[in-house]
Amino acid sequence: MNKETSEILVRTGPGTPMGSLLRRYWVPILKSSEVAEPDCPPVRVQIMGEKLLAFRDSSGQVGLIDEFCSHRGVSLYFGRNEEDGIRCAYHGLKFNRLGECVEVPSAPQSCGRMGIKAYPCIERGSIVWAYMGPPETQPSLPEVEWCGLPESHIYVSKRLQESNYLQAMEGGIDTSHVSYVHRYEVDVDPLHQGTKANDYIKADGNVVFDIEKNAFGLSLYGRRNGEPDSYYWRITQWLFPWFTLIPPFGDHALGGHVWVPIDDHNCWAWSINFHPGKPLSEQERADLDAGKGIHAPCDPVTFRPLANKDNDYLIDRVAQREKRAYSGVFGFAMQDASLQESMGPIQNHEAERLLPTDRAIVMARRMLHEAAVGLANGTEPPALDGAAQRVRAAGVLLDRAADPMEWAGKHLADGLDEPVYSV
């Protein structure tokens, strides 16, 4: 990938081609629990280089506004969340969740010209989402499966990842690495253990991929040897522009991620586990709270993982030698993040030498690049209709002569009405 293409893909600030594209979709900005109560303390939010402030007003509605007062540029984080708005602590100007200035104590006649930027918000799947694009092009609501489930059925976490969103998301697209960096973790992690899928993943590291482009993004068909008469297919979904869905392991909860730029050097890695038809058990929630599965123990304020680049991700060379942790780092999330952050804040794409297993990454890059350039030239982006997101990842054993795409067309086309397919 040449430097010009790379620059378009990794830069997401206001006015950039990729930033303009990503702002056309609903963006996860924070957990609903971060602004749990009306008139609770506001929360600083940085998304795609914009410094913003989130708060829940007196009526219980969430607002997302510019962090800084239009008068003298003071941070509204130090303001008062009261009576359906944020009041600046410096001179008393007050702003509602729409960004309208509703009070200027020293000059009431100036309210009309003192408004600040604000973005519409919704709450789905225990997450506050914002739309940061042009008001006239606001898309339909997100319909990723976990968005529509009761809170009892889902578990949501987020963590800071100190790398560009693209290389983080590409780790979610690339499922060939599971046979290596996660190969010992799958046997002991409570969200993965005890399934035949683990045996197939560890036994066959030579994954063969078929990729299918569709209305929501890409379906990735990863083939490994299964039983003597079958192949084990891991069918992973990448939903344009930043969702990944993970094939389930046995009866364990399904999973997924969202990768959202904070700025060009950092991103939020959202991780979600869910059961479509039943609540998560107390034991499952306890395991997830402990950072098992695709989650990680984090600082409760900054959401920075406790294992991070400053402590070499708590790498354990003895565990590596004893084959308890392939890279010496424990936990699925930090096993991935440690390697992705090791590339640097923004990977040098010109230096990489890609392999056949990287086809899905190449296709995703091409789709993002074409959409960003196309939008700049007046072409509407793809996958704006949330209904296209009603798909599910799957793990399945199929006869060696079977066509996995034909199988998926019958069972995953509107996959939310089908059973969970897992091995």
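Which residues do ring pairs link into a cluster? In this predicted model, the cluster is made up of Tyr25, Trp238 and Phe240. Across the whole structure, a search returns 12 aromatic pairs.

One of these pairs joins tyrosine 184 and tyrosine 326, with 5.8 Å from centre to centre and 45° between the planes, a tilted arrangement. Distant parts of the chain are linked here, as the two residues stand 142 apart: tyrosine 184 belongs to the loop between H3 and helix H4 (196-203), and tyrosine 326 to the loop between helix H6 (317-321) and H7. Tyrosine 326 counts as partly exposed because its relative accessibility is 35%, a value between the limits of 20% and 50%. For tryptophan 407 and tyrosine 421, the ring centres are 4.9 Å apart and the planes meet at 80°, so this pair is edge-to-face. Tryptophan 407 lies in helix H9 (residues 404-411) and tyrosine 421 in the segment after H9, 14 residues apart; both residues are buried.

Arginine 44 is placed over the face of tyrosine 77, 3.7 Å from the ring centre, while arginine 223 has its charged end over the ring of tyrosine 231, at 4.3 Å from the centre.

By class, the lining of the largest cavity divides into nine nonpolar, nine polar and four charged residues.

Methods: Residues are numbered from 1 along each chain as its sequence is written. This is a predicted model: local features need pLDDT of at least 70, side-chain atom pairs count only at pLDDT 80 or more; totals for chains, interfaces and linings use all residues. Side-chain values use heavy atoms; hydrogens and water are left out. Ala, Val, Leu, Ile, Met, Phe, Trp, Tyr, Cys and Pro count as nonpolar, Asp, Glu, Lys and Arg as charged, and the others, Gly among them, as polar. Rings of Phe, Tyr and Trp (its six-membered ring) pair if their centres lie within 6.5 Å; planes under 30 degrees apart count as stacked, over 60 as edge-to-face and the rest as tilted. Helices (H or I, at least four residues) and strands (E, at least two) are DSSP runs, numbered from the N terminus. Buried means under 20% relative accessible area, exposed over 50%, partly exposed in between (1.4 Å probe, protein chains only). A charge sits over a ring if NZ of Lys or CZ of Arg is within 6 Å of the ring centre and within 35 degrees of the ring normal.
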